Amino acid sequence: MKFSVSLTNILTFISLISTTCTAFQFPQFDFPTFNLINNDKTDDNKKAPQALSLEKELLNILIPSDVEEGVGENSGDRLSNNEDILNLVNQLESLPDTAKISSPAIAPEIYGRWRLLHTTNTDTSSPIQRKAVDATKYKIYQDIVVREKEDQQEEKELVVSQVVKFGSNFELKVDALGSTLAYPLPEALMVPRKTDGKILGMFNILGVSKIGEEASATDEESRISFVFDEGNFVYTRENGDDIQIPYPVPFRSPLFREAVKGWIDITYMSPDLRIARGNKGTTFVLMKEDETK
């Protein structure tokens, strides 16, 4: 059995997903060609003209026209504090409610696969997270799905999965249980964080989270809260069988339950594009994947 993934690659990503929900967020599929002039997956006529113009301008920066597969080697600006990107993000966030999808955390358009295009480089992110996201040859996705509970099949639960593709047959997938107004988790599981995550109150190893009043939601219909639950490195053999290597963080341990909680506030969403701000102060830009292709 050939297994070409190096230990360095695994260690680089070992803490990526436990510190962020997005990234965003998000397989080496044949990616849909993103044509900024004629994108056939969404009727652009349904978008407000200003939103459409701003989205195209932003995507022209994040997905250069000379890059065939979008996010990948030598492609867009996935980890930075690019002022042009931040300005366009702020303009999209400031659009009136009529120019974007309302109640985005519970809207039908939220479900599916989203590809991470950009995230800001903040001191509150963990050092490993920043290093991993900056490795643009690895594609990062966020899957937001509703599934039946394993022990109660008549009930549904929201799952937010972070996916890092190391290759066509090797990926890291970490699942978080999501909580929204449509699919709330038990209150006992979603008690707000009391600590910011600094080690000994000084060191940023796993990222620094907002807490207290600073973490309060301004709009519950725009927030997805989450608690990471399980993760696996998955290698798919030529015969289709999967080999799973558990992600080395005991998410369900009481010792870690506080540290693996978080949230994202969706500040702008259209059928194609989503902007969110997370509990560690990071801003994410994601593009909806066309799952019909």
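Predicted model: local features only at pLDDT ≥ 70, side-chain atom pairs only at ≥ 80, totals over all residues.

The dialogue below goes through strands, charged pairs and a surface patch.

Q: Which strands does S5 pair with, and over how many bridges?
A: To read a strand, one asks what lies beside it. Strand S5, which spans residues 223-236, pairs with strand S4 (residues 170-179) in the antiparallel sense over 10 bridges, and aspartate 175 has glutamate 230 in S5 as its bridge partner. Strand S7 (residues 261-269) also runs antiparallel to S5, joined to it by five bridges, while strand S6 (residues 242-246) pairs with S5 in the antiparallel sense, again over five bridges. In that last pairing, tyrosine 235 has isoleucine 243 in S6 as its bridge partner.

Q: How many residues lie between the strands in the hairpin of S5 and S6?
A: There are five residues between the two strands, and in this hairpin glycine 240 takes a positive phi near 95°.

Q: How many residues of S5 are buried?
A: Strand S5 is mostly covered, since 12 of its 14 residues are buried.

Q: How should I read a salt bridge, and how many are there?
A: Side chains of opposite charge can pair when their charged atoms come close. In this model the count comes to nine salt bridges. One of them joins aspartate 143 to arginine 113, with the closest N and O atoms 2.6 Å apart; this pair links distant parts of the chain, for aspartate 143 is in strand S2 (residues 139-148) and arginine 113 is in strand S1 (residues 112-119), 30 residues apart.

Q: Why does aspartate 143 count as buried?
A: Aspartate 143 counts as buried because its relative accessibility is 12%, and the cut-off for buried is under 20%.

Q: Where are the partners in the salt bridge of aspartate 265 and arginine 223?
A: These two side chains meet at 2.7 Å, N to O, and they link strand S7, where aspartate 265 is, with strand S5, where arginine 223 is, 42 residues apart. Both aspartate 265 and arginine 223 are buried, and arginine 223 also stands opposite aspartate 265 in the strand pairing.

Q: Is arginine 252 buried or exposed?
A: Arginine 252 is exposed, with a relative accessible area of 53%, whereas aspartate 229, with 11%, is buried. The side chains of these two residues meet in a salt bridge of 2.7 Å, N to O.

Q: Which residues form the negative surface patch?
A: The patch is formed by Asp97, Asp219, Glu220 and Glu221. Glutamate 221 lies in the loop between S4 and S5, and it counts as partly exposed because its relative accessibility is 32%.

Notes: Residues numbered from 1 in each chain as written. Heavy atoms only, no water. Buried < 20%, exposed > 50% of the residue type's maximum accessible area, 1.4 Å probe, protein only. Helix = DSSP H or I, 4+ residues; strand = E, 2+ residues; numbered from the N terminus. Pairing = 2+ DSSP bridges. Patch = residues over 30% accessible without salt bridge, like charges linked within 9 Å, V, L, I, M, F, W, Y side chains within 5 Å. Areas by Shrake-Rupley, 256 points an atom, 1.4 Å probe, with all protein chains shown as cover. Salt bridge = Lys/Arg side-chain N within 4 Å of Asp/Glu carboxyl O. Lys, Arg positive; Asp, Glu negative; His and termini not counted. Charge placed at Lys NZ, Arg CZ, Asp CG, Glu CD.
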